[in-house]
Amino acid sequence: MRTLLIFLFGILFYFQLNAQRTEDSLFVQEDNVQIPLKNGNTVCAMFVYAKTKPQPCIIWYDIYADSSKNLLLDISNAAKRYQYNLAIINTRGKKCSSSELKPFENDAEDAYEIIDWLSKQPWCDGRVGMTGGSYLGFSQWASTKKIHPALKAIVPQVSVGAGIDFPMHNGVFMSYAYRWLRFVDVHKLTNFEEFLNSSKWDSVFFDYYKKGLKFASIDSLYGKPNANFQRWLQHPTYDNYWKSMTPQGAEFAKINIPVLTITGYWDDDQTGAMYYYNEHLKHNPRAQHQLLIGPYDHASAQGTKRDSLGGWPIDSVAKIKINGIIFKWFDSIFKGKTLPELLGDKVNFEVIGKNEWRHVGSLNQMFNTEQRYYLLPNKLSKAKPEKTGFHQQKVDFKDRSIYRPAGEEIGAFPKLLTDSLSPLPEQIIYETEEFKEPIILSGYYDVNLNISISKKDVDLVFTLYEKLPNSKYLALSEVVQRASMSKDISKRNLLKPNTIESFSIRHNYMTCKQLSKGSKLVLMIGVNKNPHWQVNYGTGKDVSIEDISDAKNPLLIRWYHDSTITFRFLK
């Protein structure tokens, strides 16, 4: 039997191999093609196109010149299978481009000319689509700032929100930003070996934190000063530098092409993806814009196969072929075919634990009830407190003895499923009562805090868990927020010390999880103080140049009991 199986697999492999060779013989591949730009710069491109008749062209607008080879092969094979031509365009300064690399800065300016040039090639039928994830999701939105008539559809996956969730999130710069720059701007390709040396990076970031150095000194501490990193730090708010990179206001209103946004509940860039989604629909309510969101992290929402994430098994219905969905969606746009069943409505989301997809017309239809809780000591209470009291916390920024490590698979968490919680001294745990019946937590949760602090600013962190009936904890999301930027991310409004101030989370994470009978929701709130972010000492100075000498006095923070947390549910 074993010999027969080997023989049969051999025949199958032979036919597959020859079918692939036959298929490949019908396509031309060109690499290292320089596309000239009117401003004198160039971008570098690779093309895979059919020898027969012209076809619609799909663009990957990519800063990762030689990385993600498996994804690149997958997208190339999918393009051939569904009969599209593929253009992999590297951003200015990468691969064979002779220009200077400035990540994010030039992509909107260059996109119009790139699409114009590509649409006029003899093997392109004049219609262009775009797809790709992370930076490639950002570059698609950059391409719509001045939209070319040939651009007919985009599929931004796990889109980086430049200035929104990277290199800072809700105003707080992340240490990872420097690590990422060392990945992409050291040379014309990608610096994979250095980027993947996690122990080295952990050592550098811990050194910065332990010594209480200025955040702006991380590149010097590493021994490799970086002009891009320092330029980013000069723009700590969502100012015109960041706004120039993607559509704003009326520019979103002009985007009338079909859009399919793909992200995940544990995607590190979910807030970026949803920022574009919400802004597009805010300014163009009739936009043909669909959303696909499920139990994915940054990689699996781009097609990397996962059976589990951080110890949590992925529901079987969520194990989909992302690229197949994308090209079937393209078929509905370019070839008039039927949409895939998974995209049954404008918002398509998977219910974790219930193993089913739901399809609704808007984000507001993801839930049909909500519950407000008040922030009592160690408790989320449905009952409004009779008197407005508070509980006080002290945070010593000079104490660097304890910190929580970050994760590699999902940035905020080393694991999703844990046996217990270990709050840091600067964190407080609040939990609901047990749920009497199963219920679906769905959409965003709102935070409306009333606090007073002894300093001019503070960075807070909110971590949401489900405490399962077996007393294990499932991490659902984590978000940071600079208090001074909770009302307006384009400018910093410092707090008045020892005065009650109200604020909310600017860009939060959404999820959809069936909570079991006997489960609790647990919210861990505290001050963000760890090696993987800036440390905000609260002086009101530029946080990047604060250091431990600014930690003269501990931070005193009062959490007022009339603060509210509102969860949304789908019954």
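Buried here means under 20% relative accessible area. The structure shown in these views is a predicted model.

**View 1. Strand E2, residues 42-50, within its surroundings.** Of the 9 residues of strand E2, 9 are buried, so the strand is largely enclosed by the rest of the structure. Both faces are covered. Thr42, Cys44, Met46, Val48 and Ala50 are buried on one side, and Val43, Ala45, Phe47 and Tyr49 are buried on the other.

**View 2. The partners of strand E2.** Strand E1 (residues 27-36) pairs with E2 in the antiparallel sense, over 8 bridges. Within this pairing, Phe27 stands opposite Ala50 of E2. E1 and E2 form a hairpin, with 5 residues between them. Gly40, in the turn, has a positive phi of about 95°. Strand E4 (residues 85-90) is antiparallel to E2 and is joined to it by 5 bridges. Ala87 in E4 is the bridge partner of Phe47.

**View 3. Helix H5, residues 176-184, and the helices around it.** Helix H5 is largely enclosed by the rest of the structure, because 8 of its 9 residues are buried. These buried residues are Ala177, Tyr178, Arg179, Trp180, Leu181, Arg182, Phe183 and Val184. The helices against which they pack are H4 (135-143), H6 (192-195), H7 (198-211), H8 (218-222) and H9 (227-233).

**View 4. Helix H7, residues 198-211, and its buried side****.** The buried residues in H7 include Ser198, Trp201, Val204, Phe205, Tyr208 and Tyr209. They cover an arc of only 130° around the axis, which puts them on the same side of H7. The buried residues of this helix pack against H5, H6 and H8. With 14 residues at 1.5 Å a residue, H7 should span 20 Å; the end C-alpha atoms are 20 Å apart, which agrees. Gly212 follows H7 and has a positive phi, near 65°.

**View 5. His532 and the residues it touches.** His532 lies in the loop between strand E26 (520-527) and strand E27 (555-560). The relative accessible area of His532 is 16%, so this residue is buried. Leaving aside residues up to four places away in sequence, His532 touches Met174, Ser175, Asp202, Phe205, Arg404, Pro405 and Ala406. A polar atom of the His532 side chain lies 3.5 Å from the backbone nitrogen of Ala406. Phe205, one of the residues touched by His532, is also one of the buried residues in H7.

Notes. Residues numbered from 1 in each chain as written. Predicted model: local features only at pLDDT ≥ 70, side-chain atom pairs only at ≥ 80, totals over all residues. Heavy atoms only, no water. Buried < 20%, exposed > 50% of the residue type's maximum accessible area, 1.4 Å probe, protein only. Helix = DSSP H or I, 4+ residues; strand = E, 2+ residues; numbered from the N terminus. Contact = heavy atoms within 4.5 Å. Pairing = 2+ DSSP bridges. Polar contact = N/O pair within 3.5 Å; in protein donor to acceptor, adjacent residues only side chain to side chain. Expected span 1.5 Å × (residues − 1). Arc of directions from axis to C-beta.
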